[in-house]
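Reader: I am new to this one. Please show me the structure, and then take me through it.

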Amino acid sequence: MTSQKQRPRLAVFKLASCDGCQLSILSLEEDLLLLDQAVDIAYFPEASSRMEDGPYDITLVEGSISAPEHIEQIKNIRAQSGLLVTIGACATAGGIQALRNGADVADYVATVYAHPEYIQTLKDSTPISEHVKVDFELWGCPIDKEQVRHFLSDLLAGVEPRFPEHSLCMECKRQEHLCVLVAKGEPCLGPVTRTGCGAICPAMGRACYGCFGPAEVSFPAGREHANADALASRFSEALHLSNDEVLRRFKGINSHASAFKETAGKWQKMEENKHE
Amino acid sequence: MSDSVDSWILKKVSFDIFFSALKSEDYKVLSPQVEDGAVTWFEASEADDLKQGFSDQQNIGSYRLNQTESDVWFSIVHGAQSLKSLTFKPRQATVKIIKTEAGISFQAEQPKAEKIAVIGARACDVAALQIQDRVFLGGAYQDEYFKANRESLLIIAVNCTHAHETCFCASMNTGPKVKAGFDIALTELKDAFIVEAGSMAGKRIVEALNLTVAPKDMSKQADRLIEHCAVSQKKRMPQQNLPQALYEKQHSEHWDDVATRCLSCANCTMVCPTCFCHAIEETPDMARQTSERVRVWDSCFNPEHGYIHGKNMRPTTADRYRMWMTHKLGSWIDQFDSSGCTGCGRCTTWCPAGIDLVEEAIAVLGEDAMEKKA
Ligand code: SF4
Ligand code: SF4
Ligand code: SF4
Ligand code: SF4
């Protein structure tokens, strides 16, 4: 990739997703032109009808593994890619469509579609990393365009891209926003959510709903788990959310990410026990 | 003005003469005002801007602003923001790196600061600024950005006559009356302020106002209000035998207990007026011709903060909470000759998990650390 003569080849693929993350890349505007000079955009159907075959040096994948054919597709993509980078909550954590995980998917299909017999779907929606090796993960629903820009600039400069994985609160406080949790009693997920979005929800006076996933810092020795349980207890005890309201906070865009999944699971059990 | 005179009266109705004096010295005046629901340092240009119209209610993990009809001007004690935001800014550009024909060039961001007068700093915050002075300006290397901001700051403190559930400045001996490090101090009475000067610059400004000397009974009334605020504080920080007492608790089981509740979110350190940790961010542009290097607030609660090559020195929340408390209340004394805590209570008010620094210190050090007076 350091070779200046031949530009690295970039591909952008899509699986089960809404295209929002690809739009974030398109919204790079002027920087998109610079990107086009720095790399050869070989495959990006959302942006161009020129669709070239692999291999690719950098592959960005949007979307989760949700339908049977996705499993073959992602294996093919992996085989053709130097670096494989997931973009967004779907590709990185299974996305909003992972809300069906653990429920009866046939039941959902019957409810939603007039002809359920035409629908082929997997029981669970899962992140790319559960199927093939992933080199980098960009979180968010959608991803943050500044983060994409930073990521690609680092990569093209030959620097290993590194993003902070700590809690959103640090950025929120650096920007000196009013804390909606402490000052308004809003159930903000910021304390256990990964930084990266620029604290855009608290900036608008609303609680973070965790679209960047759990703040889990990875070290050579392993990953540190976000203390989502403690925040859930606080929502219940101090903010007086019902069990159902608590579990819904963690059962959102990143419900399949383990820290949120485990916490939601505990509160679901509590809620079920209450009704027994 | 004779040397024995040390306090004057400034009637609320004539407060604008004070603004004129500050303006004539080219100060931009800031005061804590409510903007978009939050208390922030905001530009004030006349006395009316100082009347806050809100009062704050601070508790463990909770902050509320309530509209008030009262004629008290400084009815808010403080918001999340302290003087730290003005002197050690959350983001500070430091260097711009530019690719040139010859290689790369480094352009240092020159420190620049405008003259700012803040009206409404509290005793705990003025004490915190003196602590930060030792951190950033003491020793062989001075922080030029802090220095520039600091030197152009005129501090007009307001003595507290009302404390919150989370305040404990009295036990830290930093307030509620501002002790040192201020230029001018005000104590609010019903229709007037008692004015004191604390520096040459403050004295010059006050003298130019030609104020009446405060009669004894008014000064006494002000002192009584402040004293009442001191005794109303229920929280007291244990200070017995520090820092050793905390060093001995390095292996306390309590660190694990607090870690079950702590979110490692860093809010406590972000709002603490003395915390000084920072990180450096480097942002290259897409054309890879320039890169901006910016200093940002960091925190010992950031799991990445204790990471050195190949090893994380504080891998768990228990390690990090121990680090925060042991440094703030203990080893700070060895390092900078004073506690790192002024008792402002912000870490406790703004903790989304409702963790109370004083309670945790008592739990770690043991109840008896409280009884004997340090
Ligand atoms: S508003 Fe949310 S993200 Fe911001 S400091 Fe409060 S809890 Fe953290
Ligand atoms: S504040 Fe939270 S929900 Fe909002 S964009 Fe950021 S991570 Fe997503
Ligand atoms: S440790 Fe807490 S009470 Fe002490 S100065 Fe910092 S924020 Fe204020
Ligand atoms: S003590 Fe409170 S504010 Fe500080 S890191 Fe822990 S949860 Fe966050």
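Author: Helices (H or I, at least four residues) and strands (E, at least two) are DSSP runs, numbered from the N terminus. This is a predicted model: local features need pLDDT of at least 70, side-chain atom pairs count only at pLDDT 80 or more, and totals for chains, interfaces and linings use all residues. Residues are numbered from 1 along each chain as its sequence is written, chains are lettered from A and ligands numbered from 1 in the order in which they are written, and side-chain values use heavy atoms, with hydrogens and water left out.

Reader: Where is B:D36 placed?

Author: Phi of B:D36 is near 50°, a positive value in a residue other than glycine. Its place is the loop between strand 2 (28–35) and strand 3 (38–43) of chain B.

Reader: Within strand 10 of chain B, which residue is the bridge partner of B:V158?

Author: Strand 9 (residues 153–158) and strand 10 of chain B run parallel, joined by 3 bridges. In strand 10 of chain B, B:V158 has as its bridge partner B:L186.

Reader: Which residue takes a positive phi in the hairpin of strand 13 and strand 14 of chain B?

Author: Strand 13 (residues 278–284) and strand 14 of chain B pair in the antiparallel sense over 7 bridges. One bridge sets B:T283 against B:E292. The hairpin has 5 residues between the strands, and the one with a positive phi near 55° is B:R288.

Reader: Which three residues supply 23% of the area that chain B buries against chain A?

Author: Buried area is the accessible area (1.4 Å probe) that two parts lose on being put together, summed over both. Chain B and chain A bury about 3,500 Å² between them, 60% of it on carbon and sulfur atoms. More than any other three residues, the suppliers on chain B are B:M286, B:R288 and B:E304.

Reader: Which residue of chain A meets B:E281 in a salt bridge?

Author: A salt bridge is a side-chain nitrogen of Lys or Arg within 4 Å of a carboxyl oxygen of Asp or Glu. The count between chain B and chain A is 3. In one of them, at 4.0 Å from N to O, B:E281 meets A:R174.

Reader: How many salt bridges cross between domain 1 and domain 2 of chain A?

Author: Domain bounds come from an automatic or database domain assignment, which gives domain 1 (4–157) and domain 2 (168–274) in chain A. The centres of the two domains, taken over C-alpha atoms, are 25 Å apart. Across their interface, the number of salt bridges found is 0.

Reader: Where does A:P142 lie?

Author: The peptide bond from A:C141 to A:P142 is cis, with omega near 0°. A:P142 has its place in the loop between strand 5 (136–138) and helix 6 (145–156) of chain A.

Definitions and conventions
Pairing = 2+ DSSP bridges.
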